[in-house]
Amino acid sequence: MKHLIKKITAAALLAAVLFTSVNISAYAQTAETNAKTAEGETTSAEATTGGAIAVTPAAITVKKTSIKSVIPGKTSVRLKLTSSGKGKITGFQVYKKNSDSDWVLKTQIRKSKATYEDTKVSYGNSYSYRARAYYVDEDGNTHYGAYSKTVTVKVTIHQEKIKVKDKKSILYGKTIILYKYGDGKVVTDPTKYVKIRPDKYVLYVNKSKDYVTAYAVSGKNLIPVKSFICSPGAVTPVGRHKTLTKYRWHELLGPCWGQWCTKVTKDGIYFHSIFSSKRNSNSTISVRAYNKLGTTCSHGCIRVQAASAKWIYDNCKVGTSVVIYTKNGYEPFSKPSIKKIPSWHTWDPTDPTAQKLCKKHKCHKYAKK
Ligand SMILES: [Zn+2]
C-alpha cells in the first residue's frame, strides 16, 4: 500500500508540476485515471493526499498544443495540430464547443502531429475548438498538457480579384473575381452561397476543351459562376456572337427536338439540350449523344445538359455575348465531369421535367436547382 501511495502521489504531483495552466477538474480526472490504472480501486481523494514525498518525477513532460492553422473548406473545418516545448507526446484531444457553450471531446488522435477534420459543420456558421496534447507513460498513466488557445472559425467563402496574365488565355488582361474556400480551392458555383446580381452574363465556349463558362459581368470585372460540359461541332464558328432568340422547344436537324434552345448565330447555331427523337418529348433523348458530352461531335450546335440549357435560357437575355474560341490557356474552372447513363435511361438526369422518371427508377438523385 505504501508503495502504491508513493506511486500515485508521484503521478499527482507530476500533474500539479507540469500542468499549471490546466483547470482543476482536469487534475482530478487525471489523478483518478492514474489511480485506477495503478490498482483499480483507489480513489482520487486518496491519490491527492500524502503530503510532500520527495519523488523525482520521471522524464515525462507533455508538450503544449497549438492549433497551427484552421482551414474552413467546402463542408469541413480542418485543424492542424502541433505541439511545442520539450518531451514526448502520445497524441491529441480535440474539443469543440457545443450549443450550450460546453466543451465536448470530439476525438483523441494517437499521433504526434495530426490533422483533424470536422465535417459536422455548415456554411455560414462559426465553430470553436481547442486541443491538448497527452502523454501515456510506461505505467499507463495519462498526462495532459495545457489547452491550446481557443480558435473560432467561420465556414465561409471569400473573394479574390485577379488580373489574368496568361497570354494564351482568352481572358488575358481581364480582371476576374474568384470565390474561394478557406483551403484555397476555387468555388465552381458561388451562386450556391452568395447572391450575385450581375449587370449581365457572358458565355465563353471553349471549343478545344468542350465546356462553357458563364461569367457574371459586374462593372469591369468578370465573375465566373457556372461551367457546363458541352459538345460543339467542328463547324461551330469561333468569334464573338450575340444571342438572337430563345425557344422552350425547338425542332433541330434530324428531325429531332431540343429543349431550352438559345440561338447564337443567324445560321442556326443554338445552345440546346440533348435532342429527342420525338416532338417535345423529354423521354426519348439520344443516350449516345448524352454520353458523348465533352467531345466535339455536333453538327455545329452547342449541346449541353438539360439543366445547363435551362440555366442559359432562364438567365441570359437575348443579346447576351457568346465568345467561342479554341485557346488553351488559363481558365478559372476546370472542365466539369459527367457520368454516363445506361441505354435505357432515355432522359437527361439533370432535366427538371423528367425527375419523376429518375424517381421511379431510383437512379439519380435529382439536384433541386
Ligand atoms: Zn436517372
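Here is a short chat about a predicted model of one protein.

Q: Hi! How many helices and strands does the protein have?
A: There are 6 helices and 19 strands in this predicted model.

Q: And what share of the residues counts as buried?
A: Of the 369 residues, 34% count as buried.

Q: Which residues have the most contacts inside the largest nonpolar core?
A: Those are Leu203, Val205, Val212, Tyr215, Cys230 and Phe271, in a core of 41 residues.

Q: Nice. Which elements each supply at least two residues of this core?
A: Helix 5 (306-315) does, and so do strands 11 (200-206), 12 (211-218), 13 (221-231), 16 (256-265), 17 (269-272), 18 (302-304) and 19 (321-325).

Q: Let's look at Val212. What is Val212 in contact with, leaving aside its neighbours within four places in sequence?
A: Val212 is in contact with Leu203, Tyr204, Val205, Ser227, Phe228, Cys230 and Val304.

Q: Back to cores: what does the second, separate one include?
A: Ile67, Ala131, Ala133 and Val155 are among its 17 residues.

Q: Changing topic, which way do strand 3 and strand 6 run, parallel or antiparallel?
A: Antiparallel: 6 bridges join strand 3 (residues 91-97) to strand 6 (residues 126-136). Gln93 stands opposite Arg132 in strand 6.

Q: How many bridges pair strand 3 and strand 4?
A: Strand 3 pairs with strand 4 (residues 103-109) over 6 bridges, in the antiparallel sense. Val94 has Thr107 in strand 4 as its bridge partner.

Q: What about the turn of that hairpin?
A: The hairpin of strands 3 and 4 has 5 residues between the strands, and Ser101 in the turn has a positive phi of about 65°.

Note on methods:
Residues are numbered from 1 along each chain as its sequence is written. This is a predicted model: local features need pLDDT of at least 70, side-chain atom pairs count only at pLDDT 80 or more; totals for chains, interfaces and linings use all residues. A nonpolar core is a set of buried Ala, Val, Leu, Ile, Met, Phe, Trp, Tyr and Cys residues joined through C-beta atoms within 7 Å. A residue is buried if 20 or more other C-beta atoms lie within 10 Å of its own, exposed if 12 or fewer, and partly exposed in between; C-beta atoms are placed from the backbone. Helices (H or I, at least four residues) and strands (E, at least two) are DSSP runs, numbered from the N terminus. Two residues are in contact if their C-beta atoms, placed from the backbone, lie within 7 Å. Two strands pair if DSSP finds at least two bridges between them.
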